[in-house]
Amino acid sequence: MKLTHIRQRLRPRYRFATSQGGVDELDTIVVRIEHDGTVGYGEVVPSALYGQSLETSEAALDAMAAELGDDPFALESVLARLVDRHDDQRAAMAGVDSALHDWVGRRLDVPVWRLLGLDRPRTRTTFTIGVAGMDEVRVKVAEALAAGYEALKVKVGVEHDHETLTLIRESFDGPLVLDANQAWSPSEAADRIRALAQYQPAMIEQPLHAADWRELAKLRELGVAPIFADESCERPADVVRLHGYVDGVNIKFTKCGGIREALRMITLARGLGMQTMLGCFVSSSLAIAPALTLASLVDLADLDGHLLLAHDPFEGIERRGGVITLSDRPGLGVVPAV
Ligand code: MG
């Protein structure tokens with residue numbers, strides 16, 4: 001198998017910000033695996049939260065290129081090897097995992113969701129309103145509602161949360177997911193969350209720092225909304241650790257290392273009676289399609305990373321209002337945009 005990679009520059013339509021900071025543009029990495037005349041693609045979206053950068057991801061990809069072997073159908077053994085050797089570089093692993101699945105699907109002329117025995121992905125996605133000034137929030141919410149999105153996710157954990165949420169609730173009474181991205185300390189979180197009850201959140205994501213996960217159990221008991229772990233839940237074993245402490249987990253294809261690892265996390269979470277959501281980072285459609293492939297297995301999809309871009313370099317995910325679907329196209333179902 002021949003693995004090559006190239007950076008691609010992405011620009012969100014609006015500066016994308018959370019309680020932890022923001023970006024005006026970002027680079028991701030497109031992975032291409034070629035074997036026996038067939039090509040598969042994947043996208044690497046490194047996250048500093050998990051000790052990854054473009055450079056560490058590229059170094060990992062170069063090492064992985066020599067470790068792939070010559071059988072793309074041997075997904076389990078190839079990816080088990082990568083988990084053993086590159087446990088902290090799961091973004092790169094996800095790019096390879098996705099390129100291999102894309103390769104197999106294209107080779108067999110079937111969509112990956114069919115290959116995995118799943119229903120055609122067709123799911124409502126939340127649309128994210130990042131941290132911004134009130135004028136910008138007003139414009140973004142109006143645009144989101146005009147575009148037909150039926151569920152919103154709002155980044156909170158900053159000074160003007162209440163101003164933002166009051167403004168949003170003036171024009172939107174549908175499901176509202178709140179994501180604090182680790183903003184609060186255990187001592188302040190309960191008061192912060194009680195104060196958010198008036199906005200009737202459908203769930204609250206990662207109110208505490210990743211390492212404070214034990215304290216999440218107390219926040220569940222407030223009964224304001226289901227508490228979900230995101231930054232606290234990276235690998236399959238984290239799902240087991242978090243059982244009893246949270247209501248659900250945010251599983252991200254790019255965070256956990258690909259389709260294979262995401263399936264393990266979904267299976268564990270469902271087996272333990274936990275709720276599941278699929279999340280994403282800002283990325284092109286190439287990193288959303290593998291997650292969307294698994295949408296029929298989870299309770300909630302937050303797969304809008306590509307919808308936040310000014311221009312998406314890949315195409316193939318269809319959107320009608322707030323519902324996104326994949327076609328019958330073989331592989332992951334996305335191709336470079338013309
Ligand atoms: Mg989150």
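These legends accompany close-up views of a predicted model.

View 1. Three residues coordinate the magnesium ion: D179 (OD), E205 (OE) and D230 (OD). The distances run from 2.1 to 2.2 Å. Along the sequence, these donor residues follow the spacing D-x25-E-x24-D. E205 and D230 link distant parts of the chain, 25 residues apart. E205 sits in strand β10 (residues 203-205). D230 sits in the loop between β11 (227-229) and α9 (236-242). E205 has 0% relative accessibility, so E205 counts as buried. D230 is buried too, with a relative accessible area of 0%.

**View 2. Packing of helix α5 against helix α6.** Helix α5 covers residues 134-146, and helix α6 covers residues 161-171. The two pack at an angle of about 30 degrees. That angle makes α5 roughly parallel to α6, because angles under 35 degrees count as such. Their axes are 10 Å apart. The crossing of α5 and α6 is right-handed. From α5, the contact residues are M134, V137, R138, V141 and L145. They meet E163, T164, L167, I168 and S171 in α6. By class, this contact of α5 with α6 has 6 nonpolar, 2 polar and 2 charged residues.

**View 3. Packing of α1 against helix α3.** Helix α3 spans residues 90-108. α1 and α3 pack at an angle of about 50 degrees, and their axes are 8 Å apart. The pair is therefore oblique. The crossing of α1 and α3 is right-handed. On the α1 side, S57, A60, L61 and M64 make the contact. On the α3 side, A92, M93 and V96 do. The contact of α1 with α3 has 6 nonpolar residues, 1 polar residue and no charged residues.

View 4. S47 lies in the loop between β5 (38-44) and α1 (54-65). The relative accessible area of S47 is 9%, so S47 is buried; the cut-off for buried is under 20%. Leaving aside neighbours within four places in sequence, S47 is in contact with Q52 and F281.

View 5. D87 is placed in the loop between α2 (75-85) and α3. D87 is partly exposed, at a relative accessible area of 31%. Apart from neighbours within four places in sequence, D87 is in contact with L82, M93 and R235.

View 6. Most residues other than glycine have a negative phi. D109 has a positive phi, near 60 degrees. D109 belongs to the loop between α3 and α4 (112-115). D109 is exposed, with a relative accessible area of 57%. Phi of Q200 is also positive, near 50 degrees. Q200 is found in the loop between α7 (186-196) and β10. At 63% relative accessibility, Q200 counts as exposed, because the cut-off for exposed is over 50%.

Terms used
Residues are numbered from 1 along each chain as its sequence is written. This is a predicted model: local features need pLDDT of at least 70, side-chain atom pairs count only at pLDDT 80 or more; totals for chains, interfaces and linings use all residues. Side-chain values use heavy atoms; hydrogens and water are left out. Helices (H or I, at least four residues) and strands (E, at least two) are DSSP runs, numbered from the N terminus. Buried means under 20% relative accessible area, exposed over 50%, partly exposed in between (1.4 Å probe, protein chains only). Contact means heavy atoms within 4.5 Å. Axes are lines fitted to C-alpha atoms, for helices over the stretch in contact, and angles run from 0 to 180 degrees between N-to-C directions. Angles under 35 degrees count as roughly parallel, over 145 as roughly antiparallel, 65 to 115 as roughly perpendicular and the rest as oblique. A crossing is left-handed if the near helix is turned anticlockwise from the far one by less than a right angle, and right-handed if clockwise. Ala, Val, Leu, Ile, Met, Phe, Trp, Tyr, Cys and Pro count as nonpolar, Asp, Glu, Lys and Arg as charged, and the others, Gly among them, as polar. Donors are N, O and S atoms within 2.8 Å of the metal (3.2 Å for Na, K and Ca); water is not among the atoms, so sites may look incomplete.
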